[in-house]
There are 2 protein chains.
Amino acid sequence: QPHPKPPSASFHPPTSSVFTPLDTFLPRHLGPRNSDVEQMLSVLGYKSLDDFVADTIPQGVRVDELSDDPTNGLRPYSELELSRRVDEVAGMNKPMKSYIGMGYHNAIVPPVIQRNILENPAWYTAYTPYSPEQSQGRLESLINFQTVAISLTGLPIANASLLDEATAAAEGMAMCLASVPKPTFNKGKKVFLVSPSVAPQTIAVLQTRADGFGITLKVAESDATFVKEVETLGQAQLMGAMVQYPDVNGDIRDWEGVTAAVKAVGGKMVVASDLLALTMLKPPGEWGADIVCGNSQRFGVPAGYGGPHAAFFACTDEMKRKMPGRLVGLSKGARGEPAYRLALQTREQHIRREKATSNVCTAQALLANMAAMYAVYHGPEGLKRIAGKVHSLARVLAKSLDNLGFKIVNSSYFDTLTIDVSSAGLSADQVHSTSTKVGINFRHISPTTIGITLDESVGPLDLTDIVNVFYAALTKPLIQPESLEELSKELSMNSNSVSEPSQSLGKLTRTSRFLQQSVFNKHHSETDMLRYMMHLQEKDYSLVHGMIPLGSCTMKLNSTSSMVPISSKEFGGVHPFAPIDQAKGYKQLFTELERDLSLVTGYDATSLQPNSGASGEYAGLKVIQAYHQSKGEGHRNVCLIPLSAHGTNPASAAMVSYKVVPIKALVDGSLDLNDLKEKAEKHKDELAAFMVTYPSTFGVFEEGIEEACRIVHENGGQVYVDGANCNSLVGLTSLGRVGGDVSHTNLHKTFSIPHGGGGPGVGPISCKSHLSPFLPSHPLIPTGGSTPISAVSAAPWGSASINLISWAYIKMLGGSGLTNVSKIALLNANYIAERLRPYYNIRFTNKNKRVAHELLIDLGEFEKSVGLKVSDFSKRLQDYSFHPPTAQWPISTCWLIEPTESEPKHELDRFIDALISIRKEVDEIASGKYTQDDNVFKHAPHPLEVLTDAEWTRPYSREKAVFPVPTLRKSKFWPSVSRVDDAAGDLNLICECGTTEDYA
Amino acid sequence: QPHPKPPSASFHPPTSSVFTPLDTFLPRHLGPRNSDVEQMLSVLGYKSLDDFVADTIPQGVRVDELSDDPTNGLRPYSELELSRRVDEVAGMNKPMKSYIGMGYHNAIVPPVIQRNILENPAWYTAYTPYSPEQSQGRLESLINFQTVAISLTGLPIANASLLDEATAAAEGMAMCLASVPKPTFNKGKKVFLVSPSVAPQTIAVLQTRADGFGITLKVAESDATFVKEVETLGQAQLMGAMVQYPDVNGDIRDWEGVTAAVKAVGGKMVVASDLLALTMLKPPGEWGADIVCGNSQRFGVPAGYGGPHAAFFACTDEMKRKMPGRLVGLSKGARGEPAYRLALQTREQHIRREKATSNVCTAQALLANMAAMYAVYHGPEGLKRIAGKVHSLARVLAKSLDNLGFKIVNSSYFDTLTIDVSSAGLSADQVHSTSTKVGINFRHISPTTIGITLDESVGPLDLTDIVNVFYAALTKPLIQPESLEELSKELSMNSNSVSEPSQSLGKLTRTSRFLQQSVFNKHHSETDMLRYMMHLQEKDYSLVHGMIPLGSCTMKLNSTSSMVPISSKEFGGVHPFAPIDQAKGYKQLFTELERDLSLVTGYDATSLQPNSGASGEYAGLKVIQAYHQSKGEGHRNVCLIPLSAHGTNPASAAMVSYKVVPIKALVDGSLDLNDLKEKAEKHKDELAAFMVTYPSTFGVFEEGIEEACRIVHENGGQVYVDGANCNSLVGLTSLGRVGGDVSHTNLHKTFSIPHGGGGPGVGPISCKSHLSPFLPSHPLIPTGGSTPISAVSAAPWGSASINLISWAYIKMLGGSGLTNVSKIALLNANYIAERLRPYYNIRFTNKNKRVAHELLIDLGEFEKSVGLKVSDFSKRLQDYSFHPPTAQWPISTCWLIEPTESEPKHELDRFIDALISIRKEVDEIASGKYTQDDNVFKHAPHPLEVLTDAEWTRPYSREKAVFPVPTLRKSKFWPSVSRVDDAAGDLNLICECGTTEDYA
Ligand SMILES: Cc1ncc(COP(=O)(O)O)c(C=O)c1O
Ligand SMILES: Cc1ncc(COP(=O)(O)O)c(C=O)c1O
Ligand SMILES: O=C([O-])O
């Protein structure tokens, strides 16, 4: 009897077949049903979707619609097929236990946090907390994160996360530069001295970043000569320095003298550090550091092959106004209640356009929340116990190796040993090949030295395995865990010693207390922890409640099918610097995603390294710069940017030292091609690049896009098309087709990675073949082109693990699905525009009265007529149970509204009805029924607490305040505080949680 | 170089070691911190926890505390160790693809439902919706479930789920009996005729259940002779009949004539059916069925090796008042708004004690919700497409097999083929051994016949694999999927044919529409679905909000660590009748859990088959009955039961035809031993059993328990100790130790399985060795003792997959952890009692003023003094953001309060403060400040809508209504409707969702 072998796995039934899967993704992803689409088209006056699209996107730039052709890899997978494919790809990863360290650890994710934050759409589908009355939950959690950073580093101010440790260090370096007084600066005080024991990926990113700022990055000869080098550079040259504590090789140096020396010559000190180690170590803030940053990943976030994780970043009070990223502060609501909000900046202000030293925007909020919750769950005592245990195990390991005759190179350590294996007659290769056999990765340092970093996950059996690698390499009989237990007793250790400070740290032992605030000392049972997270969750509006019509943010459905894989062990458990043959699943995934993204954007090659849109812009400009250099035109440094551009564009240009030349817009919102031509020709010899957003930030398909690109090319420039928001064009046209040379796309917008309350994000860049040799490399794992720029992120593939989501999204939609998504995104936006036209001023449309996937509504007239500002409208819309649209950007009197394809028609109608009702409320002021000062807008939003006021002194009823339309009685999301006062909070900045803070 | 082999995996460091894990479960599970425990003890006047326990549990029955001795299997696992162990055990299961059918299918669980219901603590930690104002979400979902059953079966009434198809059928049989008019009944109209093509596990459970009711269960000779047999039995004997549609072998018979014949002789017709098939088939309600039941598992619930899944159950209007289980109905709130609640019954009423024909209590709410949501997500058109496709694939399979010369035994079919393989010269064994080689299970029917059931998960490759088993068995060259695609075209199939009714079903084709209600036609995008589930979730109070102090329900933490494994494929994907060598992981798990439960309860053997506490009681009494029979004392039929017993006790006794003799209690709440002695002696010759709850339902450790057991034993009876609520005694004493012969424990209480909003549950029975030979068997997979009773559940191990939770709970706590849990459960209850003593009448305590793990508060005095009923207190407590305690049971004027060990002290204090505040509100009525009719109690609860009333006509303020204590301003769970009117709803019973029903 023959064994029935499996049939060919590549059979894909035609869509007409009875075998076609039913669990297809497209109809689940799209909001409007087919019958809705018909109705909406008829409102717009079209017979077919294609007629509508033809009126919306200029024919000239249309491409053949993407098809489901299996040969282009874009055959759609059903949800079940996708899940099977994920299992297959996951199975290709063979994660070994990694003790490589270098900022990445095996984390224990507390299951209650994993399930209720990482795997909870109420947390991951939220946006950056720009609407504070609807975001008090995650604002509180982010302030907890800031408090962790403040408390552990010993510095007074911390932000709500940065992208990774290396870019955080680069931000620190830029802040040092920005702190140099102008006169001195101009005289060339521009050297930044880095300790050679800073992690290599950090040094690589510093190197990349230094160039653009005109900083001379100098790696010190050695830590021993550091002070001397500081003195040599002196007041004239040194603007800052950076050290790592503990350093990448594990050593814990006393940097106090060095810090003093740096300061003595007017420099600032940046320190990379480790939160867990800081529970035992004297905090850098206590020995003079100006900035402390690092990775918070080991606080309960999976390694995920490099990301996403939240970098923490703290600085002195003096430097706070130069701090990049988002900062949560405490302010108060209109009723006097405490209320959190983003402080010292709004989205647009903190990106200071061409004056910026940072372009960071999307950060790592979700992961910062996980890390903060980890600290809440463990509390200071729990963290100390964990740190103490990790350190104790490192001591047991050191002792075992010492007994075997191995020399430990670092004289002090927390969790990391650098071992000179030649001292026992071995080569590093011998040790590595032995360890690989038992599924263990050590750090490769040199032919004679290896590194081992322990972590919270290490148990007695794991440690025995580690030690036995050395016994085996020496061909000695293996030991049992009991011997290590014996050894720990010889070292006078017991379960108590894990909570005592280690003597071995000497005068660097931490004496100051940390995390004494009640929030870190209360929620230590799982029940309590769960309730705390739920208590916060219930204050936050997210996609689980309704539409988030934030223009330029693309708040679309993040399908569960695509979210499930990211929390699997096979993807979560891989160290970013593990040998690549252990990560073949990832490799496969990246290859497919890069190919798909290149195809979809109309380019030839893609790099996944940039871990945000802004980081993509920066990388893309770097690539352009390298290209010009390769042609001997490295002097080109003018970058043309329309005035309407997103703030990150000029900021990114500034960061590569490009001179920004603004381009005007015409009254109809389109690019002023004459102005462009004039400027391009004027700067012909220095023209480096043109950065343009397509469709434009005004929500229209620029008719002159091709012409514009032609002009730039003719004048020697390269075209950077900002594709952050390309949800309207996938499959219909492409960024390459319209004339771009390089673009980033925001996978956290168009490609369905959730926003996570302000990150993570992925901003891959795709480019034409002439630029592909310059795609970014990485110092540890080869990536990028043949003559690459240096790294832009700490990890080779940036926020590696979340690429799974976009990969799955593309796989499940396939070519025709992607194209359909664009069409419905256009339809949803145009349906809103059409229905609102009688009531509001739609600022820009194309000649057919069509907008792209978003629309600008100009509310300026109402400020004049009835004294209502855009923010009054935004606050009032909350009372209708909506998150407000993007406000005052890109035009200060406007709302920018983007519904996305995944909003159902009934939700669009609810939104339209709310806006019509609000328009009537405006009329009530115009007609004199209510005054300009005392009306539903000025007191909005109305949290439910106002209803309990015994006396009601408002001119409108309680019901009108909170239930302006009757459906709200059935379902309403309530703001949890009254209107938040930004000024009050900025005046008196409080960015850590209070010691007596409490929740009921 | 030797390969470094792994060290011994059995190393367990002593707790004093530095290697002891830090992620231990006990401190996460317990609410109070160590410092809280000290404070609480000092309130109670004790120096140590042990002194306190000594005063609480009678010394006489104490056992040696459970230890962590690894030899007894009770060494505690850390959370990480547990997760590794789970992976290990999961890896021992080798699930093959099963096409066994028989009521269990490979389901596709929509990921959005899996993540947001099955894996969401807000859904799974809720209780049965007894507090309707705080439970409108899941009440709505359950009414959706009822609507699915009503609409698909064609009957007007359906309940909110039963335990499984087999017990549902048994409930149906009992209803038939109960419908027989008394005179006829007494004349012996007691025969129930069952078609032989009903599933064997159903027949087995019917058999078990028939005995107790004195029913003669007769399996018809054949379906062909069914009518004749009906006629032969005739009016005098036949009380009901049962058929399956489609039957277990796949055949779809026209039962209309048979049904008419049954009715002609005054019998009722019970039909087992399949929801998916009913989308295509004429519903039984249209051809005369009185009752239709079945398994809803294939509506998106994992097979889970047999459960948990929800059985659906529908009946005629005439029979509705005999329907067992919970029924959700529509009523209205005090403000006139529509409001759902449990109809026609309260917890106590629907269990009609000794007059009961059913003891069902906990059902399968969580799984019913999943199935309902599956129907919401797919809608009628989606369900039709799925059914159409499954049926089409079955036709392709039939055609392929026919082409190969195999005879299909069943002439009609929906998804199941019975194949006579001898027709092509093969034996069934040949086919099975071939299929096993490629990882496929078919149904074993006979040496010449096999069964194949297709389902939603079958794709073209799967079907090709199936067909190739036959090609291989015939040693023919294998086919490719393309051939099946060809075949489907020959059958004129295409993707449209899956939504057309199949001609092959002839006059049994369904013509009536179903699920036309808007809820089933609206939420078909994932965004919509997610929002609908969240919209419902936000109306429901669960453990994520705060304490649920329901006495006798043990609402404790269900840890994420223990919940995670149940949704894994390795556990979810196993068919209950798959060859047991594919389920070695399960086997290991059951062996360990049975051993642990036996140890902990003080017994010798355990059966996991009963899938609820009540089902355990029934099984335990059956075992006692079998034991008496084995000793020739089968006539013993008196069961002594204290009056205070849970309603299920007398109901279970009635179901085994025991005569219930009540035993009185003394004024101090203790058992009247004299009364017991008198009755035991009086019934000496017929004494079968004594059922007693320990600790008593009054919340005290019965001092006379040992004496009581002795009396019963002396008089020839066996002792059934109801251990549903043994959360106070694990590790301190045991059910066996106090004198029990057999007990059930509710794993969904003491052992941490979440309540799921009213199920699932597991009610294993443990017994002494003399009873173990009688533990229940199963017709398909051997289980139980050497001379077992027949099956009590459809699946061999009942709700198999959720046993994982209790297994993990025990593993993570270990012996000393389990014991500590009991101590803290006692402490929490006694702390509440002590602090409330000055304000309320604590009804019963032991002689040291201690209660067990729950306490009775008597509110009777307030009805007399100020006209407040227990329900007024319960409603008012909602305004304080609590779920009310168990009310009016076991004493009608009382609250029964159980905090469990996992409530933190600050939550206990919040509860105590609320009760003290409420006591003051009582005084305000007593003092005349408010009248007896118009006060905060009578209008409670206050949903937030009342606050929008423009006119406030109440004598108390808005603030007093909703924020009686200030902390509520920070955090409050709001009831979503005003007080629900039970009477209005019962008068005008509506138990399906309306066609115009809508949500905003
Ligand atoms: C047009 C445009 N470009 C760039 C960005 C920057 O992307 P990110 O926030 O991921 O850095 C955004 C996002 O806000 C954007 O809208
Ligand atoms: C004392 C007692 N016995 C039996 C039961 C019945 O358990 P179940 O609801 O699981 O059928 C309960 C639960 O309510 C109970 O409290
Ligand atoms: O229903 C009960 O859990 O008692």
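Modeller: A charge sits over a ring if NZ of Lys or CZ of Arg is within 6 Å of the ring centre and within 35 degrees of the ring normal. This is a predicted model: local features need pLDDT of at least 70, side-chain atom pairs count only at pLDDT 80 or more, and totals for chains, interfaces and linings use all residues. Side-chain values use heavy atoms, with hydrogens and water left out.

Colleague: Which ring does B:Arg75 lie over?

Modeller: The distance from B:Arg75 to the ring centre is 4.6 Å. The residue whose face it lies over is B:Tyr77.

Colleague: What kind of aromatic pair do A:Phe873 and A:Trp895 form?

Modeller: Rings of Phe, Tyr and Trp (its six-membered ring) pair if their centres lie within 6.5 Å; planes under 30 degrees apart count as stacked, over 60 as edge-to-face and the rest as tilted. Here the centres are 6.0 Å apart and the planes stand at 80°, so the pair is edge-to-face.

Colleague: Is A:Trp895 buried or exposed?

Modeller: Buried means under 20% relative accessible area, exposed over 50%, partly exposed in between (1.4 Å probe, protein chains only). The relative accessible area of A:Trp895 is 0%, so this residue is buried.

Colleague: How are the rings of B:Phe590 and B:Trp797 arranged, stacked or edge-to-face?

Modeller: Both B:Phe590 and B:Trp797 are buried. Their ring centres are 5.1 Å apart and their planes are at 25°, so the pair is stacked.

Colleague: Which residues form one aromatic cluster with A:Trp797?

Modeller: The cluster is in chain A. Besides A:Trp797, its members are A:Tyr305, A:Phe571, A:Tyr586 and A:Phe590.

Notes:
Residues numbered from 1 in each chain as written. Chains lettered and ligands numbered in written order.
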